[in-house]
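Hi,

Here is the structure I promised to pass on to you. Please have a look at it first, and then read on for what turned up.

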Protein chains: 2
Amino acid sequence: MVSELSFTEENYLKAIYHLSREGNESVNTNSLAESMNTTPASVNDMVKRLAHKNLIGYQKYKGTTLLSKGKKIALTIVRKHRLWEVFLVDKLGFRWDEVHEIAEQLEHIKSPGLIKRLDKFLGYPTMDPHGDPIPNEDGVMKETRRASIAEVTIHSEGIVVAVNDDDTLLLQHLDSLGIKLGSRITVLDRTDFDGSVSISIDEGPEQFLSKPVAENLMITLTDKK
Amino acid sequence: MVSELSFTEENYLKAIYHLSREGNESVNTNSLAESMNTTPASVNDMVKRLAHKNLIGYQKYKGTTLLSKGKKIALTIVRKHRLWEVFLVDKLGFRWDEVHEIAEQLEHIKSPGLIKRLDKFLGYPTMDPHGDPIPNEDGVMKETRRASIAEVTIHSEGIVVAVNDDDTLLLQHLDSLGIKLGSRITVLDRTDFDGSVSISIDEGPEQFLSKPVAENLMITLTDKK
DNA sequence: ATTTATTTTTAGATTAATCTAAAAATATTA
DNA sequence: TAATATTTTTAGATTAATCTAAAAATAAAT
């Protein structure tokens, strides 16, 4: 039984998770301090508590790593964070760049059943509005990769995370099509002849992109099994 | 500028609000302690802090009252609590008696804009799933009253909060009609001849209640202006 | 109007989470 | 490898929120 963690403890676990690149590398005191906006001394104190609770591994001067229990908790927090972000964007109409702060708070709500119901209500999304994958209940998440619309298989669905070229005309063109960072794009078809693609933006009507535009539009997608 | 209150401070204000019957009467230390599940000594400490912040009035041995700033905060918390309860029941499918604990946490989420959007998403409800009125942004809420289905004007809408008679047959009858505490009932029509009424439960199809049933079914309703 | 009971307040400790300043260990560099 | 720089840890304080136990004030009862 993990006696109910404080918000702070949960945030430390999450920070360690992210800094260790999904829990694989060891994290040192200073970078944790920077990421948590606090001092190395405070981090040191907290790291001892978490180690004492068997959530992280810690040896003096050697940095910390998530233990399996700690990693599992970190992943449920990431899951909650990303599901709430989907809620805020899809249901409440926030922009993708407005939701992080709110999700930072919502991710700590404790309730058996809440997240399961939220997940269902949202239609079991696999990606958050920033294009990051959402772990399932067991902490497993689909691999994501970044690719341009030009190289992706037909029927792929993903979130716009970057535009490779910062040409003003291109940006204006995308804007006029209603494409921005965070837009959810489904690739409907591709013409072999000229490499142009037809897409749907946020479930909207079919629209066309020329090959050069498609090549510069990067999305993240979860690889379908 | 109210420098951002802690969850605990917010909870004290809310407790004072409820114990003072919507902020009108003075609240004594012991009852606050009981309601907050803590000791009179702790209450005394906290009361001093809140008085120092000009949120409540306090004189030694005289109990506390909400000041206007404190009352306003208390009301926004009540508003948030009740709106989240509507969300949990209407959107996520929780039962009315499962949501209090979760709303106790959600009510402390801080975000400019979140509650406004949530309110809109929920269709600007005026009552929570327990039949309690939801304060508007300015802390004003509609008066509610309890009445039996038999005495209410046609087209009234309210939440079932009690069954006056605990006769098993009546309870079974209500159950078979799909009526339970928390059901939202709209009174569609009433027959003068026998006092029977037709109603809709949770926006469902028309159903009929005999006069004795209607007389025992209590709802809360907000008086339409 | 005393005495008794209740309520409220103070005094002094405790715990989680933080801090600053200094000491210790490790890493880097000349 | 010795000197210097960086990182990490300790020691000792601080603040919010709590506690227990005892003192003080108020209220109730004889």
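Let me start with how the two chains relate. Chain A can be laid on chain B with an RMSD of 0.1 Å, using a turn of 180 degrees and a shift of 0.0 Å along the axis. That is the relation of a two-fold axis. In chain A, the C-alpha nearest this axis belongs to Leu106(A), at 3.7 Å from it. Both copies use the same surface, as 100% of the contact residues of chain A recur in chain B. Please keep in mind that this is a predicted model.

Next, the contact between the chains. Chain A gives 13 residues to it and chain B gives 13 residues. On the side of chain A that touches chain B, the elements with two or more residues are helix H5 (100-106) and helix H6 (114-121) of chain A. H6(A) supplies the largest share of that side, with four residues. By class, this side of chain A has seven nonpolar, three polar and three charged residues.

Then there is a helix pair within chain B. Two packed helices are described by the angle between their axes and the distance between the axes. For helix H4 (residues 68-91) and helix H6 (residues 114-121) of chain B, the axes come within 10 Å and cross at roughly 40 degrees. Because angles under 35 degrees count as roughly parallel and 65 to 115 as roughly perpendicular, H4(B) is oblique to H6(B). Their crossing is left-handed. On the H4(B) side, the residues that meet H6(B) are Arg79(B), Lys80(B), Leu83(B) and Phe87(B), and their partners in H6(B) are Ile115(B), Leu118(B) and Asp119(B). Sorted by class, the contact of H4(B) with H6(B) has four nonpolar, no polar and three charged residues.

Finally, the DNA. H3(B) gives the largest share, five residues. By class, the surface near DNA strand D has six nonpolar, ten polar and four charged residues.

Best wishes

Conventions
Residues are numbered from 1 along each chain as its sequence is written. Chains are lettered from A and ligands numbered from 1 in the order in which they are written. This is a predicted model: local features need pLDDT of at least 70, side-chain atom pairs count only at pLDDT 80 or more; totals for chains, interfaces and linings use all residues. Axes are lines fitted to C-alpha atoms, for helices over the stretch in contact, and angles run from 0 to 180 degrees between N-to-C directions. Angles under 35 degrees count as roughly parallel, over 145 as roughly antiparallel, 65 to 115 as roughly perpendicular and the rest as oblique. A crossing is left-handed if the near helix is turned anticlockwise from the far one by less than a right angle, and right-handed if clockwise. Two residues are in contact if their C-beta atoms, placed from the backbone, lie within 7 Å. Ala, Val, Leu, Ile, Met, Phe, Trp, Tyr, Cys and Pro count as nonpolar, Asp, Glu, Lys and Arg as charged, and the others, Gly among them, as polar. Copies are superposed by least squares on the C-alpha atoms of residues with pLDDT of at least 70 in both.
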